[in-house]
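Please open the model in your viewer and keep the selection panel at hand. The tour below goes from the domains to the contact between them, and then to the ligands.

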Amino acid sequence: MRPELAAKYDVRVPRYTSYPTAPHFSPAIGAERYAEGLDELPPDMPLSLYLHILYCAEMCWFCACNVKITKQYAPVADYLEYLWREIDMIAGLVPDGMRARHIHFGGGTPTILTPADFTATVERLRERFHFAADAEVAVELDPRTTDRDYVRAMAACGVTRASMGVQDFDPAVQEAINRIQPYDITARVFDWLREEGVTEINMDLIYGLPRQTVPGVVETIDKAVGLAPRRIALFGYAHVPWMKKHQTLIHESELPGIEERWRQYEAAAARLGEAGYVAIGLDHFARADDELALALAGRRLHRNFQGYTTDEAPALIGLGASGIGSLPQGYVANQPEVHRYKDAIRAGHPATARGIAVGDDDRLRRALIERLMCDMAVDIGAVCRDFDADPGQFAEEMAALAPMEADGLLVREGMRIRMTEDGRPLVRAACAAFDRYLKAGETRHSKAV
Ligand SMILES: C[S@@+](CC[C@H](N)C(=O)[O-])C[C@H]1O[C@@H](n2cnc3c(N)ncnc32)[C@H](O)[C@@H]1O
Ligand code: SF4
């Protein structure tokens, strides 16, 4: 792609991990509606669970996640007690007989838990939510706080996938983002995981960070490929200092410009392709025989709050402060602030802070956006047939994509859209044409590339 196009489409658009997107959730949907929604779930519907472990030992300056920093274990132990109470409460609200198929520990840093606490949490979940025999249990690891005992505990309680935060291997970049993580620490955790039989390993990398250069990013990719993770997530750094005050510690003068960001992405993606990784959607890469790549080939790829996934469960339960859930009836988000979260659990009701009911038009647009985000293509006629809807209603949206087509970023054929390889990193801008809630300038998101 011509680098100037990255600048031209440098619109701030959502990442479409849901539709409608989180800024449109409202306090009108609270604990009561959520409890009703859980009660109405059909008992044979597969469940997914997301647990938010809020705490980290140190603040990485780039971080846009909902985290709290602690040097002591007491706040973590206290939080965990509430999490367990929430697990018990929510399990009591879902119909008997439901089975959990995907369980994801995110954060924050799940590896901040002691191995015993992690094991006890998995056991409690297993007891209350009944894991399916082939359930995927995934855990986000910070290699800096992962020790051998933790890895052993993970393997012993049935963890099937580990996702590791790395970001960049260059010490100068690590210094600029306050995340010192020598290569050997990461490599050691890879060895431990494999020795214990946890072979499904993902790695998170970021481009667009301060002090990053094209050759530096390529070097990081080569080191990452050398460790042979099954999947690599390559995120564009989201600089949102108006939401995350600590990001002001990152010197904007050291941040690469939009065109440089684009060159970094392009060079990294090319290198990953040469190394045999298949590009998945906007920001994931997977080995060709990985489930994610197979799901892409079979048009079964999905997108949820954790990004690209093979998870097809129509009900996702979010646990912990800021945990987001998705039910057939709509979305809900827990209180992000720990004291409010605890107040709700202490009062004996779900910690729902906001949500949104999903109507027929939302479901249709969500399906269009999901196909575009996942397949880089969508057949509007085919999706409309599934929803018994008239594709003609999207004439305006199709017309709005003309400039992107003229710039070689996508192709329109009748009611079909296909992103070109150049257009892939700008797919969010194409999805935005179908977003009924997005009004120019209403909410601020991160850059499209
Ligand atoms: C919860 S962390 C992963 C687990 C663990 N806390 C760690 O950092 O190793 C989730 C991932 O989100 C990504 N991330 C966080 N803040 C980001 C930002 N501002 N822009 C892009 N990616 C970001 C990072 O790649 C990070 O590894
Ligand atoms: S990147 Fe991970 S370890 Fe760093 S502050 Fe964010 S959640 Fe914590």
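Domain bounds, as used here, come from an automatic or database domain assignment. In this predicted model, begin by colouring the chain by that assignment, which gives domain 1 as residues 1-13 together with 359-449, and domain 2 as residues 21-319.

Next, select the contact between the two domains, where 20 residues of domain 1 meet 21 residues of domain 2. On the domain 1 side, the elements that contribute two or more residues are helix 1 (3-8), helix 12 (360-375) and helix 16 (427-432). Colouring this side of domain 1 by residue class will show 10 nonpolar, 2 polar and 8 charged residues.

Now move to ligand 1, which has 17 residues around it, and of these A64, D142, G165, D204 and F235 come nearest. To see the secondary structure involved, select strand 4 (100-107), strand 6 (161-167) and strand 7 (200-207), each of which supplies at least two residues of the shell. By class, the shell around ligand 1 holds 9 nonpolar, 5 polar and 3 charged residues.

Finally, turn to ligand 2 and select the residues around it, namely C56, M59, C60, C63, C65, V67, G107, G108, T109, D142 and G165. This shell divides into 6 nonpolar, 4 polar and 1 charged residue.

Technical notes. Residues numbered from 1 in each chain as written. Chains lettered and ligands numbered in written order. Predicted model: local features only at pLDDT ≥ 70, side-chain atom pairs only at ≥ 80, totals over all residues. Contact = placed C-beta atoms within 7 Å. Helix = DSSP H or I, 4+ residues; strand = E, 2+ residues; numbered from the N terminus. Nonpolar A, V, L, I, M, F, W, Y, C, P; charged D, E, K, R; others polar. Near = placed C-beta within 6 Å.
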